[in-house]
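Hi,

Here is the structure I promised to pass on to you. Please have a look at it first, and then read my notes below.

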Amino acid sequence: MDAAAPSVGAAIPSFGMALRRWRARRGLTQSAFAEACGISQRHASYVESGRSYPSRELVLRAAGVLDVPLAERNELLRLAGFAPMYGRRSIDDTDMHAVRHAIARLLDHHDPFPAVAVDAHWDVLQMNRSAQALLGALVDMPALVAERGRGPVPNVMHLTFHPRGLSRSVENWGVVGPHLFARLRQETWSQPELAELVGEVQPWVPPADPSAQRGSTLSPVLETRFLVDGERIDLFTTITSFGTAQDVLAAGIRVEHFFPADARSDALCRAFFEGATASGR
């Protein structure tokens, strides 16, 4: 049971401020947060102000209510005086075999359509053959990775927004670019470390296309219209994530599956994949 502290240590107000920031990000009032955690509003106020020490159970319960990412849950535990609970392994670790196997199956089964696995920072973990062929046709990936100078792993946002990246092959970039950037900025609410990536690509964000607001009908999905070998291929994406992950890396992994938006794009994707495979591209 949580108890009022006779004297407040330096870590307790820090935890309270972090908790209050997360509650504000999620748009919860203190009373709604307290009810969801099964505690009184008074006790929630005491914890946020540092007048009460939270138990480990309350820290984890609050993190669950606020949907705090695992890396940040570790930080909340540390601020409250407890040891971190969630590990952070490399994708190459032996313990990550099941995750690697699942990603490989998701990617392989999606050919002949592109699919890319990325971590929480949008660094590429794996790509299927179709995605490799598409990127190879549209982007000089080794050159862009070398120019960025941050190691050998490509970053999807950098490859997309860079003036010599995918952006120059997206016909509706004035629609897709601002939408994708808004998505990246929104992710900084739960992952503040993405602010550096936001600053990196921000100079390349195009002005929003005003014509997109004047259409009489809106598609239920955002289509990306790639220009590939003189043909337009319309694709939209869905995202697969590891919902029950207990590892920081695994929790941040997403597999982006690209699907053709119509029968014409479906046929073009298949033809492009067959041609790329035959040519060894």
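Predicted model: local features only at pLDDT ≥ 70, side-chain atom pairs only at ≥ 80, totals over all residues.

Of its 281 residues, 44% count as buried. Among contacts between residues at least 6 apart in sequence, 61% join residues at least 24 apart. The chain exposes about 14,500 Å², with carbon and sulfur atoms supplying 54% of that area.

Now to the backbone details. W122 lies in the loop between strand 1 and strand 2. Although W122 is not a glycine, its phi is positive, at about 70 degrees. Is W122 buried or exposed? With a relative accessibility of 2%, W122 counts as buried, because the cut-off for buried is under 20%.

D229 also deserves a look: this residue is not a glycine either, yet has a positive phi of about 50 degrees. You will find D229 in the loop between strand 3 and strand 4 (231-241). D229 has a relative accessible area of 58%, so it counts as exposed, for which the cut-off is over 50%.

There is a cis peptide bond as well, running from D111 to P112, with omega near 15 degrees. P112 sits in the loop between helix 6 (97-108) and strand 1.

Next, the helix packing. Helix 2 (residues 30-37) and helix 4 (residues 56-65) have axes that come within 9 Å and cross at roughly 115 degrees. The crossing of helix 2 past helix 4 is right-handed. On the helix 2 side, F33, A36 and C37 make the contact, and they meet L58, R61, A62 and V65 of helix 4. Sorted by class, this contact comprises six nonpolar residues, no polar ones and one charged one.

Helix 7 (residues 129-138) has S130, A131, A133, L134, L135 and L138 as its buried residues. What do the buried residues of helix 7 pack against? Their partners are strand 1 (115-118), strand 2 (124-127), helix 8 (141-148), strand 3 (224-228) and helix 13 (263-279).

Finally, the cysteines. C37 is buried, with a relative accessible area of 2%, and C269 is buried too, at 6%. With a cut-off of 2.5 Å between cysteine sulfur atoms, the count of disulfides is zero.

Best wishes

Conventions:
Residues numbered from 1 in each chain as written. Heavy atoms only, no water. Axes fitted to C-alpha atoms, helices over the stretch in contact; angles between N-to-C directions. Helix = DSSP H or I, 4+ residues; strand = E, 2+ residues; numbered from the N terminus. Left-handed = near helix turned anticlockwise from the far one by under 90°. Contact = heavy atoms within 4.5 Å. Nonpolar A, V, L, I, M, F, W, Y, C, P; charged D, E, K, R; others polar. Buried < 20%, exposed > 50% of the residue type's maximum accessible area, 1.4 Å probe, protein only. Areas by Shrake-Rupley, 256 points an atom, 1.4 Å probe, with all protein chains shown as cover.
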